Amino acid sequence: RSLRVLRVARALARHDPVIRAMLRSAGPLASVIAFLLLVMVVFALVGVQLFGGEFGADGDTAASGNSGSGSGPGPAAAPPHFDHFPGAMTTLDLMLSGGNTAAIVYRAMRVDGP
């Protein structure tokens, strides 16, 4: 049982060049991530300004979901894609990962401009 530690140490020594390469690439990768985050922030702010409150249940009305009864949004209420900054960042992340991009784009195409 005590030799298992030596076996793990030998396996790690074999992967040492890979681990060193991963650590060397951490700096440039952080720069790419920071740039992507900056671009996402800019596009989220633009999206909030252009589409804030425009994504309703049917895609072309206000997304408040309240009919004055105070009951809150109903089940047909649209998700707040660009109503506020955190929702816009989440939507952009969803679109960058390829999830449900077409539905969000088609909803944005139905929105009447300001």
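## A walk through a predicted helical model

The count of salt bridges comes to 1 by the rule used here, where a salt bridge is a side-chain nitrogen of Lys or Arg within 4 Å of a carboxyl oxygen of Asp or Glu. This is a predicted model, in which local features need pLDDT of at least 70 and side-chain atom pairs count only at pLDDT 80 or more, while totals for chains, interfaces and linings use all residues. Residues are numbered from 1 along each chain as its sequence is written, and side-chain values use heavy atoms, with hydrogens and water left out.

Which side chains meet in the salt bridge? They are those of Asp16 and Arg20, at 3.0 Å from N to O. Both residues lie in helix H2 (residues 16-24), 4 residues apart, which is about one turn of the helix. An α-helix has 3.6 residues a turn, so residues three or four places apart point the same way. Helices here are DSSP runs (H or I, at least four residues), numbered from the N terminus.

Now for helix H1, residues 3-14. Its 12 residues reach 17 Å from first C-alpha to last, close to the expected 16 Å; that expected span is 1.5 Å times one less than the number of residues. H1 is hardly covered, as the count of buried residues in it is 0. Buried means under 20% relative accessible area, exposed over 50%, and partly exposed in between (1.4 Å probe, protein chains only).

| Residue | Relative accessibility | Class |
|---|---|---|
| Asp16 | 29% | partly exposed |
| Val41 | 27% | partly exposed |
| Phe43 | 52% | exposed |

Let us turn to the inside. The largest nonpolar core has 8 residues: Met40, Ala44, Phe55, Phe82, Ala88, Met89, Leu92 and Val111. Such a core is a set of buried Ala, Val, Leu, Ile, Met, Phe, Trp, Tyr and Cys residues joined through side-chain atoms within 4.5 Å. Helices H3 (26-51) and H4 (85-96) are the elements that give two or more residues to this core, and the largest share, 3 residues, comes from H4.

Leaving aside residues up to four places away in sequence, Ala44 touches Phe85, Ala88, Met89 and Leu92. With neighbours within four places left aside, Val41 is in contact with Phe85 and Met89.

Terms used:
Contact = heavy atoms within 4.5 Å.
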